[in-house]
Amino acid sequence: MADVRPESMERITTPEQANAFIAEQVEAVKKQVGDKKVLLALSGGVDSSVVAALLIKAIGKNLVCVHVNHGLLRKGEPEQVIEVFKNQMDANLIYIDATDRFLDKLAGVAEPEKKRKIIGEEFIRVFEEEARKLDDVDFLAQGTIYPDILESGPVKAHHNVGGLPEDIHFEGLVEPIKLLFKDEVRVIGRALGLPVGMVERQPFPGPGLGVRCTGAITRDRLTALRESDAILREEFANAGLEGKVWQYFTIVPDYKSVGVKNGLRSFEWPCIIRAVNTKDAMTATIEEIPYALLGKIVNRITNEVPGINRVLYDLTPKPTGTIEWE
Ligand code: XMP
């Protein structure tokens, strides 16, 4: 497949168009790989999930999916990948819990770009090690989409997690969605029967919660971050904001403030809520969240998440802030 989207290519918006695209790609992949094996790093994000579901349809167990849990995923993410792909789609899925390995490497590292670099490099190393164990894998599949090729994909503009294993030779790359835009990938995902929550997922950076647990990551603060993020997502979903706000998440910085909990002085971390809207992630505006909803979230986080005694709402647009805090 060429790297340029033909002008004649229609935008995929309907299930019929999606089904036609899927049938076409299933044939193309079968023709490309025959009965050989294909390896895919399956993060659980929209792009890699759609590629996985498409390739399972085309070559079944000859697709080997590797899901690396770097310990910086959101609550319930690895479980969802296992449930959807292993239990429901009967995929050939290898799950690697590399949490300790990543957190040990990150211990004491406070500089944001250094953290990113460690996470990115370690990810490739873990993936390479797995690939080497499977000596009969010939092709590498990737969830490249058209904005990645155009290099205007702002979400991928940073040093990303993933990338190609450098020392392993593959016969070829399988990139079935590389001419598609994100909205088309979501239409394909729905037609493939992926859960709505997976297909409509908000963007999540490769380094994951690592850039939201600011400064040097500690396990207890990471747990507080994961729990507060889960509460925020649950309340946004209940309020019908899922899919309407581009990105919403919490940040737990590496300093504490004094408060009162259960009649006693507390000295705990604050938790910062960020909810932004944007078209291209280059600039972003603040979502106007109803006060009552914010109040409910503050109440839940301060009562349910150990280690947090204060919640703030970040009202800074981009610029001057960035979407993430690191
Ligand atoms: P910023 O923070 O620069 O983020 O306003 C813009 C968009 O990019 C995402 N982001 C990343 N995505 N690896 C990624 O894959 C990264 O290192 C990274 N850093 C930020 C961010 O979530 C937002 O959508």
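How do the residues lining the second largest pocket divide into nonpolar, polar and charged? The lining has 7 nonpolar, 2 polar and 3 charged residues (nonpolar: Ala, Val, Leu, Ile, Met, Phe, Trp, Tyr, Cys and Pro; charged: Asp, Glu, Lys and Arg; polar: the others, Gly among them). The model is predicted; local features need pLDDT of at least 70, side-chain atom pairs count only at pLDDT 80 or more, and totals for chains, interfaces and linings use all residues. Residues are numbered from 1 along each chain, and side-chain values use heavy atoms, without hydrogens and water.

Among the lining residues are Met1, Arg11, Phe21, Gln25 and Leu179.

Helix 1 (residues 15-33) packs against helix 2 (residues 46-59) at an angle of about 65°, with the axes 9 Å apart. Helix 1 contributes Ile22, Gln25, Val26, Val29, Lys30 and Val33. Helix 2 contributes Leu54, Leu55, Lys57, Ala58 and Ile59. By class, this contact has 8 nonpolar, 1 polar and 2 charged residues. Angles run from 0 to 180 degrees between N-to-C directions of axes fitted to C-alpha atoms, for helices over the stretch in contact. Helices (H or I, at least four residues) and strands (E, at least two) are DSSP runs, numbered from the N terminus.

Conventions
On a 1 Å grid over the protein atoms alone, a cavity is a set of points where a 1.4 Å probe fits but cannot get out, and a pocket is an open set with protein on both sides within 12 Å along at least five of seven lines; lining residues have an atom within 4 Å of a point. Contact means heavy atoms within 4.5 Å.
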